[in-house]
Amino acid sequence: MKINNVVKLIIAIAISELAGIIGSVFTASSVAGWYAGIAKPIFNPPAWVFGPVWTTLFVMMGVAAFLVWKKGLNRRDVKIALGIFLGQLALNTLWSIIFFGLHSPGGALVEIVFLWLAILATIMTFYKISKPAAWLLVPYILWVSFAGYLNYSIWQLNAPVSDQVACTQEAKLCPDGSYVGRSGPDCEFARCSEENNELWKTLTDNKTGLTFQYPETFLTAYIHVQDWPPQIQILNELLVCREAGSEITSTGKTEKRFVDNREYCRTSMAEGAAGSIYTQYTYAFPFYSTGSTQADRKTVMLTFTVRAPQCDNYDEVERQACANERETFDIDSIVDRMARSIKIQ
């Protein structure tokens, strides 16, 4: 390959990736805020999927443009094809601005139709010049087709209704890493989905004879677990929860927590180390085995440690995302699901 072709290839890929970088400026500021709080369909991919997919697609776009460009800008059909290509790149960036920057799924839905048509026109003109270049854009148009359907679904789910209550745009982080927002007449958080059962494993504790399910990992970017899976204990006594203390004291903070009217007694102790905050949680709750009576009630305790970074160590964008994750992470729901899965052998 001649050196001028190498330069052309680099320029073509750089221009394509630049479109993605410009779009990401508007995306990054909304992902942890506005986008996290809106309703999304069940087939909405995890947030981490989009970065690698778009990076790959922009590289393929750049290579496709290079294959056409190297045929020579002296050709009229090459100039037209590359002009259409640049037009669809501009529309690609514009979609991010409308959807994430202006928070307008409806406007983005209209725009993505023009983007899809521009991609199709690019493929058709590229095909006449370089068939490999055209084929390189097929994954791109397929992904945009899916993105268009996703855009439509989000627009429908969040379409304003005349008698709908205006809820605050808050989001709660679920155990599987997804977010749910407030909805309904009482503006309550939607229930977290429990469909990601492949993330949950079953553990049998030989000392207590108890079996329970736990998430193998948290699909979170900043919050991680230590001493995992949780240690489980069973006490032959009734649960008495006395609220007192503070997380930073040696005895910790004890408080009552409620999940769907189920009561938990949570003790938490926090300490900082190496730019992170380590919080040890102990959840105590009553346990009834099958066929037991009120007099047979026991207390089960789950103990584990959560590590969360000190968000001030990050730059502005990551600091906001980190803070949002820490504020919305719902550890109580994770423990509640584990507690409800407990069985005795």
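**Terms set against values**

A: Pro-229 has its place in strand E6, where a strand (E, at least two residues), like a helix (H or I, at least four), is a DSSP run numbered from the N terminus. The model is predicted, so local features need pLDDT of at least 70 and side-chain atom pairs 80 or more, while totals for chains, interfaces and linings use all residues. Residues are numbered from 1 along each chain as its sequence is written, and side-chain values use heavy atoms, with hydrogens and water left out.

Q: Which peptide bond is cis, and what is its omega?
A: The bond leading from Trp-228 to Pro-229 is cis, its omega being near 5°.

Q: What makes strands E6 and E7 edges of their sheet?
A: The open sheet has six strands in the order E6-E11-E10-E9-E8-E7, with antiparallel pairing. Strand E6 (224-235) and strand E7 (244-245) each have a single partner strand, so one side of each has no neighbour in the sheet.

Q: How do you know that E9 and E10 pair?
A: Two strands pair if DSSP finds at least two bridges between them, and nine bridges join E9 (residues 262-273) to E10 (residues 276-287), with the strands running antiparallel. Met-269, for instance, has Gln-280 in E10 as its bridge partner.

Q: Which helix packs on this sheet, and which strands does it touch?
A: Helix H9 (residues 331-340) touches E6, E8, E9, E10 and E11, and its direction makes about 130° with that of E9; contact means heavy atoms within 4.5 Å.

Q: Why is His-103 called partly exposed?
A: His-103 lies in the loop between H4 and H5, and has a positive phi of about 55° although it is not a glycine. Buried means under 20% relative accessible area and exposed over 50%, with partly exposed in between (1.4 Å probe, protein chains only), so a value of 37% makes His-103 partly exposed.

Q: What is the relative accessible area of Asp-260, and where does this residue lie?
A: Asp-260 lies in the loop between E8 and E9, and its phi, near 50°, is a positive value in a residue other than glycine. With a relative accessible area of 46%, Asp-260 is partly exposed.

Note on methods
Axes fitted to C-alpha atoms, helices over the stretch in contact; angles between N-to-C directions.
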